[in-house]
Amino acid sequence: MKRKDKVMDWNNNDQSEREKTKLWSKLGCFFSVVIIGLLIISAAAWYLLSPQETRLKVSDSPNHVNSIEIVKREDFPSPSIRINYRNKSIMKTKIPDEISVEWKSDYEAVVTLTKQGREPDIVHVDF
């Protein structure tokens, strides 16, 4: 009977190891699916919530030394205007109807943001 008991013990141990392995496999698959789902949801949320930019105007200096880029950002709760030059940026909250850039030299410009019925917003840009 000793031999039979050892064989039955071995079979019981083998069976319980298989059950444990199945359980860990199911848990691993479940958590993998949950993590992949969270990654997909967070990537979609990041894309939808990140501010979208629309280029409104680009102006180069007379000798093409410097450049000014004016973009509209769809920030929450209201859009804004960014005047980008070199590694700097100027933010304006009023969306203009008309944008003009007048270069004084290659290193100095005047950006005029005109909104109908209001005083124009004049921004001096020095490089």
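1. A residue is called buried under 20% relative accessible area, exposed over 50%, and partly exposed in between. Phe31 has a relative accessible area of 47%, so Phe31 is partly exposed. This is a predicted model, and the points below should be read with that in mind.

2. Overall architecture. The protein chain holds one helix and seven strands. The order along the sequence is α-β-β-β-β-β-β-β. The radius of gyration is 32 Å, well over the 14 Å that the globule rule gives for 127 residues, so the chain is more spread out than a compact globule. The C-alpha trace spans about 105 × 35 × 15 Å along its principal axes.

3. How much of the chain counts as buried? The figure is 20% of the 127 residues. The chain exposes about 10200 Å². Carbon and sulfur atoms supply 57% of that area. Take the contacts between residues at least 6 apart in sequence: 28% of them join residues at least 24 apart.

4. Aromatic pairs. Ring centres within 6.5 Å make a pair. By this rule there are three aromatic pairs. Phe30 and Phe31 form one of them, with 5.4 Å centre to centre and 65° between the planes. That pair is edge-to-face. Trp103 and Phe127 have ring centres 5.7 Å apart and planes at 15°, so this pair is stacked. Trp103 sits in strand β5 (residues 98-105), while Phe127 lies in the segment after β7 (121-126). The two are 24 residues apart, and their pair links distant parts of the chain.

5. The ring cluster. Which residues do ring pairs link into a cluster? They are Tyr85, Trp103 and Phe127. Trp103 has 16% relative accessibility, so Trp103 counts as buried.

6. Ser80. Is Ser80 buried or exposed? Its relative accessible area is 3%, so Ser80 is buried. Ser80 belongs to strand β3 (residues 80-85). Leaving out residues up to four places away in sequence, Ser80 touches Val71, Lys72, Arg73, Asp75, Met91, Lys92 and Ile95.

7. Salt bridges. Side chains of opposite charge can pair when their charged atoms come close. The whole structure has five salt bridges. Lys92 and Asp121 meet in one of them, at 3.5 Å from N to O. Lys92 is in strand β4 (residues 88-92) and Asp121 in strand β7, so this bridge ties together parts that are 29 residues apart in sequence. Lys92 is partly exposed, with a relative accessible area of 22%. Asp121 is partly exposed too, at 29%.

8. Two further bridges. Glu74 and Lys72 join through their side chains at 3.8 Å, N to O. Glu74 counts as partly exposed at 41% relative accessibility. Lys72 counts as partly exposed at 25%. Lys72 is also among the residues that Ser80 touches. Glu102 and Lys104 meet at 3.7 Å, N to O. Glu102 is partly exposed, with a relative accessible area of 48%.

Technical notes. Residues numbered from 1 in each chain as written. Predicted model: local features only at pLDDT ≥ 70, side-chain atom pairs only at ≥ 80, totals over all residues. Heavy atoms only, no water. Phe/Tyr/Trp six-rings, centres within 6.5 Å; stacked < 30°, edge-to-face > 60°. Buried < 20%, exposed > 50% of the residue type's maximum accessible area, 1.4 Å probe, protein only. Helix = DSSP H or I, 4+ residues; strand = E, 2+ residues; numbered from the N terminus. Rg over C-alpha atoms; globule rule 2.2 N^0.38 Å. Contact = heavy atoms within 4.5 Å. Areas by Shrake-Rupley, 256 points an atom, 1.4 Å probe, with all protein chains shown as cover. Salt bridge = Lys/Arg side-chain N within 4 Å of Asp/Glu carboxyl O.
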